[in-house]
Amino acid sequence: MKKSFAALLTALVFITGCSTKKEVEYNKPAIYWYQKIIKKISVGDLDKADEYFTSLQSEHIGSPFLAEAMLMLAKAHMENEEYLLAQFYLDEYIKRYATYRKREFAEYLKIKASFLGFKNLYRDQKLLMDTIKDANGYLEKYPDSEFVPLVQTILTKLYMAEFILNKEIVSLYKRRGKPEAAKIYEERLKSSWINDNEILRPESAWYEKMLDW
């Protein structure tokens, strides 16, 4: 009985000790959370930076630090090749702080994140088409933007990827004995401004060369 009581007491002391060491942080000033986010981004701990952002947002919904934190986290996730998370922060940024100039920059970053997010030409066909549409829409919406040359470069590489994809589809349909379906994509190739002789066919994964900056 004494041994059981001693074991129970030891366990309670251990649990109490752990709970006191792991103090839950809450009800802190906005600058506190903002500085925590910056610190964690600087050391590459983006999971913790995301947690601190959640605290900043829940405790200080009207803080001017939120906009900057969203952009910082979007860029950090892009650098870490976490493009979906980057787009999440950019979408929230656009939704809440949608002045013309801020949208111009954030929408450019979204296009870049989509562009860099391609992993497989054949599995990501919808992403390819959507990004081409978004890039063209950006050029129409912000014709005088300083980011226009960058978006044009992205768009050119996307069109080259689309051209290669259409050639592969033509070849596939011909091998499967579907000449009518092949003709549809052959017409797309003919209407393209891309010159096949000017495209350097990637020997490895297509994005490793065509998406190279």
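Modeller: Let us begin with burial. Of the 213 residues of the chain, 36% count as buried. Keep in mind that this is a predicted model.

Biologist: What makes a residue such as W33 count as buried?

Modeller: The cut-off is under 20% relative accessible area. W33 has 1% relative accessibility, so W33 counts as buried.

Biologist: How many aromatic pairs does a search of the whole structure find?

Modeller: The search finds 10 aromatic pairs. In one of them, the ring centres of Y32 and W33 are 5.1 Å apart, and the planes stand at 80°.

Biologist: Why is the pair of Y32 and W33 called edge-to-face?

Modeller: Two tests apply. Ring centres must lie within 6.5 Å, and planes must be over 60 degrees apart. Here the values are 5.1 Å and 80°, so the pair is edge-to-face.

Biologist: Which residues do ring pairs link into a cluster with Y32?

Modeller: W33 and Y52 join Y32 in that cluster.

Biologist: What lies over the face of Y32?

Modeller: K28 does, at 5.3 Å from the ring centre. The distance limit is 6 Å, and the value for K28 is 5.3 Å.

Biologist: Now the helices. How many helices and strands does the chain have?

Modeller: There are 10 helices and 0 strands. Take helix α8 (residues 148–175) and helix α9 (residues 179–191). Their axes are 8 Å apart, and they pack at an angle of about 155°.

Biologist: Why are α8 and α9 called roughly antiparallel?

Modeller: Angles over 145 degrees count as roughly antiparallel. The angle here is about 155°, so α8 and α9 are roughly antiparallel to each other. The contact involves residues including F163, V170 and Y173 of α8, and A181, Y185 and L189 of α9. The crossing of α8 past α9 is left-handed.

Biologist: Which residues does E104 touch, not counting residues up to four places away in sequence?

Modeller: By that count, E104 touches Y138, Y142, S145, E146 and F147. Between E104 and F147 there are 8.5 Å in space, C-alpha to C-alpha, though they are 43 residues apart in sequence.

How values were computed. Residues are numbered from 1 along each chain as its sequence is written. This is a predicted model: local features need pLDDT of at least 70, side-chain atom pairs count only at pLDDT 80 or more; totals for chains, interfaces and linings use all residues. Side-chain values use heavy atoms; hydrogens and water are left out. Rings of Phe, Tyr and Trp (its six-membered ring) pair if their centres lie within 6.5 Å; planes under 30 degrees apart count as stacked, over 60 as edge-to-face and the rest as tilted. Buried means under 20% relative accessible area, exposed over 50%, partly exposed in between (1.4 Å probe, protein chains only). A charge sits over a ring if NZ of Lys or CZ of Arg is within 6 Å of the ring centre and within 35 degrees of the ring normal. Axes are lines fitted to C-alpha atoms, for helices over the stretch in contact, and angles run from 0 to 180 degrees between N-to-C directions. Helices (H or I, at least four residues) and strands (E, at least two) are DSSP runs, numbered from the N terminus. Angles under 35 degrees count as roughly parallel, over 145 as roughly antiparallel, 65 to 115 as roughly perpendicular and the rest as oblique. A crossing is left-handed if the near helix is turned anticlockwise from the far one by less than a right angle, and right-handed if clockwise. Contact means heavy atoms within 4.5 Å.
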